[in-house]
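Thanks for coming. I will go through one structure, element by element, and give each cut-off when the term first comes up.

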Amino acid sequence: MMWGNWTIVSEFVLVSFSTLSSELQALLFLLFLTIYLITLMGNILIILVTTADSALQSPMYFFLRNLSFLEIGFNLVIVPKMLGTLIIQDTTISFLGCATQMYFFFFFGAAECCLLATMAYDRYVAICDPLRYPIIMGRRSCAQLAAASWFSGFPVATVQTTWIFSFPFCGPNRVNHFFCDSPPVIALVCADTSLFELEALTATVLFILFPFLLILGSYVRILSTIFRMPSAEGKRKAFSTCSSHLLVVSLFYSTAILTYFRPRSNTSPENKKLLSLSYTVVTPMLNPIIYSLRNNEVKAALRRVVRRTLGPQKL
């Protein structure tokens with residue numbers, strides 16, 4: 001259908017991994033399905049354990065529970081459709097479906113960036129100002145910080161998605177990606193997008209780079225405080241409470257920054273797909289594993305939950 005000089009696009013085609021052989025796509029389907037199930041089970045387990053166990057009611061585990069909810073939402077937005085493109089070759093996505101997927105991708109992505117910064121602030125207060133920690137990180141303050149992190153996703157998602165899908169599209173509707181991300185969709189627009197790209201860069205700086213700099217600043221202060229501790233045991237405990245979060249931040253931000261801050265000429269679509277897989281599929285799976293294996297309190301809580309669950313069956 002034509003409207004003026006523009007083609008009205010009613011659906012898009014996700015190129016995804018269609019250039020690969022059918023056998024390789026089947027193997028990828030099994031791999032990503034396994035990762036998806038591990039991600040869901042791992043994050044649900046973290047939510048259940050940190051909710052049920054009385055020893056895990058500190059602010060750190062409250063924020064970890066919020067992170068698990070975000071990771072589950074992030075995966076639900078992207079992975080099921082990607083699995084469909086691999087196993088049944090359902091590569092089409094409606095105009096509204098593409099906009100919805102992009103909206104929630106922006107929403108969960110921005111919220112996660114802000115929540116990771118909030119978790120770094122929590123660790124900063126716990127280590128650098130421990131005497132005032134119960135006051136600063138009280139129940140109400142934690143709820144407000146978590147709500148602010150979640151709410152931060154709304155403005156960027158609303159502005160970015162509404163602006164992109166108000167542009168005219170000229171007929172080519174093949175999105176060279178496995179989900180509706182902003183750059184490959186913008187490439188199909190038949191209009192001047194320079195103002196939008198300036199706004200998108202500003203949003204990227206605010207919601208990716210700025211939280212990352214806050215995290216970096218927090219850990220500079222944290223490490224400075226740890227190195228001044230006289231007790232080796234105190235240093236070990238302080239490092240152990242930060243190491244899991246620091247590893248999660250490194251995994252998430254390294255791939256996100258490489259994806260959205262590299263010049264377009266230096267990033268092929270295939271390389272961008274691989275980088276996107278890292279923070280949309282792999283990292284959400286690793287987060288509960290990292291927090292479970294590197295955190296003695298979580299491991300102890302898991303053992304208590306297992307004993308309570310299996311105990312009655314032994315009697």
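I start with a side chain: the backbone oxygen of I46 lies 2.7 Å from a polar atom of the T50 side chain. That is a polar contact, meaning a pair of N or O atoms within 3.5 Å, where within protein one must be able to donate a hydrogen and the other to accept it, and where residues adjacent in sequence count only if both atoms are side-chain atoms.

Before going on, the source: this is a predicted model, in which local features need pLDDT of at least 70 and side-chain atom pairs count only at pLDDT 80 or more, while totals for chains, interfaces and linings use all residues. Residues are numbered from 1 along each chain as its sequence is written, and side-chain values use heavy atoms, with hydrogens and water left out.

Back to T50, which lies in helix α1. Helices here are DSSP runs of H or I with at least four residues, strands are runs of E with at least two, and both are numbered from the N terminus. Is T50 buried or exposed? T50 counts as buried, because its relative accessibility is 1%. Buried means under 20% relative accessible area, exposed means over 50%, and partly exposed is in between, with a 1.4 Å probe and protein chains only. Not counting residues up to four places away in sequence, T50 touches L56, Q57, Y61, L64 and R65; contact means heavy atoms within 4.5 Å.

L37 is also found in α1. With a relative accessible area of 43%, L37 is partly exposed. L37 and L251 are 214 residues apart in sequence, and their C-alpha atoms are 20 Å apart in space.

Next, the loop between β3 (11–14) and α1 (22–52), where S16 is found. S16 is not a glycine, yet has a positive phi of about 50°. For background, most residues other than glycine have a negative phi. S16 counts as buried, because its relative accessibility is 2%.

Now the sheet. Three strands form an open sheet in the order β4-β3-β5, with mixed pairing. The edge strands are β4 (92–94) and β5 (174–175), each of which pairs on one side only. Two strands pair if DSSP finds at least two bridges between them. β3 and β4 run antiparallel and are joined by three bridges; E11 has S94 in β4 as its bridge partner. β3 and β5 run parallel, with two bridges, and L14 stands opposite V175 in β5.

Helix α3 (residues 95–128) packs on this sheet, touching β3 and β4, and its direction makes about 85° with that of β4. The axes are lines fitted to C-alpha atoms, for helices over the stretch in contact, and the angles run from 0 to 180 degrees between N-to-C directions.

What span should α3 have? At 1.5 Å a residue its 34 residues should span 50 Å, and the end C-alpha atoms are 49 Å apart, which agrees. The expected span is 1.5 Å times one less than the number of residues. Of the 34 residues of α3, 25 are buried, so the helix is largely enclosed by the rest of the structure.

Two residues of α3 are worth a look. Q101 lies in this helix and is buried, with a relative accessible area of 6%. The side chain of Q101 reaches the backbone nitrogen of C180 at 2.8 Å. Leaving aside neighbours within four places in sequence, Q101 is in contact with V77, I78, K81, I93, F179 and C180. F104 and A157 are 53 residues apart in sequence and 7.0 Å apart in space, C-alpha to C-alpha.

Last, helix α9 (residues 232–260). Its 29 residues reach 40 Å from first C-alpha to last, close to the 42 Å expected. At its start, a side-chain oxygen of S231 comes to within 3.2 Å of the backbone nitrogen of E233. Where does α9 bend? The bend is about 35°, at S243, taken as the angle between axes fitted to the seven residues ending there and the seven starting there. S243 is among the buried residues of α9, which also include C242, S244 and H245.
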